[in-house]
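Here are a few notes from a pass through the model. Have a look at the structure first, then the points below.

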Amino acid sequence: MNSSAVSLREMVQGAVEKHRGKVGALMPVLHSIQETFGYIPADAVPILAGAMNLSRAEIHGVMGFYHDFRSEPPGEYTVQLCRAEACQSMGARELEAHACKRLGIRFGETTGNGLFSLEPVYCLGNCACSPSIRIGDRTFARVSADKFDALIAGLEAKQ
């Protein structure tokens with residue numbers, strides 16, 4: 001067994017021990033794993049299933065139901081596009097279509113170069129300045145297609 005597999009096993013078992021006995025412990029354990037790795041590695045699922053006496057299907061069911069959990073590594077930049085009503089009323093659906101076309105991906109996917117992941121969110125708390133997006137920990141207001149393109153081009157230029 002290689003060292004990365006050992007550290008994955010140790011990490012998963014540590015997260016399980018931390019939350020053992022709590023009602024609904026699977027959720028915080030999955031969040032811990034994702035916080036550590038940026039996603040839930042496929043190799044973590046059987047370890048987690050064994051440690052929590054759950055089936056792999058139960059774990060995949062939870063991961064599939066909650067859109068926050070990723071089964072693939074995220075891009076270097078996660079672009080979150082608000083889909084709440086205020087943003088929709090101000091053009092978020094059109095911005096969504098533009099973002100998907102510009103990046104060549106859909107929600108939940110990552111660009112082939114690993115640079116961008118596109119995620120839906122349901123309110124960034126910036127309703128008065130719709131439509132809004134968040135890239136990393138920065139929120140951008142009144143985002144048009146042109147502004148989106150400029151933000152993406154600026155990040156691409158850093159590479």
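1. Let's start with a loop. Keep in mind that this is a predicted model. Pro-131 sits in the loop between β2 and β3 (133–135). The peptide bond joining Ser-130 to Pro-131 is cis, with omega at about -10 degrees.

2. That loop between β2 and β3 also holds Cys-123. Cys-123 isn't a glycine, yet its phi is positive, about 125 degrees. Its relative accessibility is 41%, so Cys-123 counts as partly exposed, given that exposed means over 50% and buried under 20%.

3. Arg-142 is another non-glycine with a positive phi, here about 45 degrees. You'll find Arg-142 in the loop between β4 (138–140) and α7 (145–157). With 54% relative accessibility, Arg-142 counts as exposed.

4. Now the helices. The axes of α2 (residues 26–37) and α4 (residues 56–65) come within 11 Å and cross at roughly 75 degrees, so α2 and α4 are roughly perpendicular to each other. On the α2 side the contact uses Leu-26, Met-27 and Leu-30, and on the α4 side Ile-59, Val-62 and Met-63. By class, that contact has six nonpolar residues, with no polar and no charged ones.

5. Last, the largest pocket, which has a volume of about 200 Å³. Its lining includes Gln-34, His-67, Asp-68, Arg-70 and Glu-119. Two elements, β1 (77–82) and β2 (116–121), each give two or more residues to the lining, and β2 gives the most, with three. By class, the lining has three nonpolar, five polar and three charged residues.

Methods
Residues numbered from 1 in each chain as written. Predicted model: local features only at pLDDT ≥ 70, side-chain atom pairs only at ≥ 80, totals over all residues. Heavy atoms only, no water. 1 Å grid on protein atoms, 1.4 Å probe; cavity = no way out; pocket = protein on both sides within 12 Å on 5 of 7 lines; lining within 4 Å. Points joined across faces, edges and corners; volume = space filled by probe spheres on them. Helix = DSSP H or I, 4+ residues; strand = E, 2+ residues; numbered from the N terminus. Nonpolar A, V, L, I, M, F, W, Y, C, P; charged D, E, K, R; others polar. Axes fitted to C-alpha atoms, helices over the stretch in contact; angles between N-to-C directions. Parallel < 35°, antiparallel > 145°, perpendicular 65-115°, else oblique. Contact = heavy atoms within 4.5 Å. Buried < 20%, exposed > 50% of the residue type's maximum accessible area, 1.4 Å probe, protein only.
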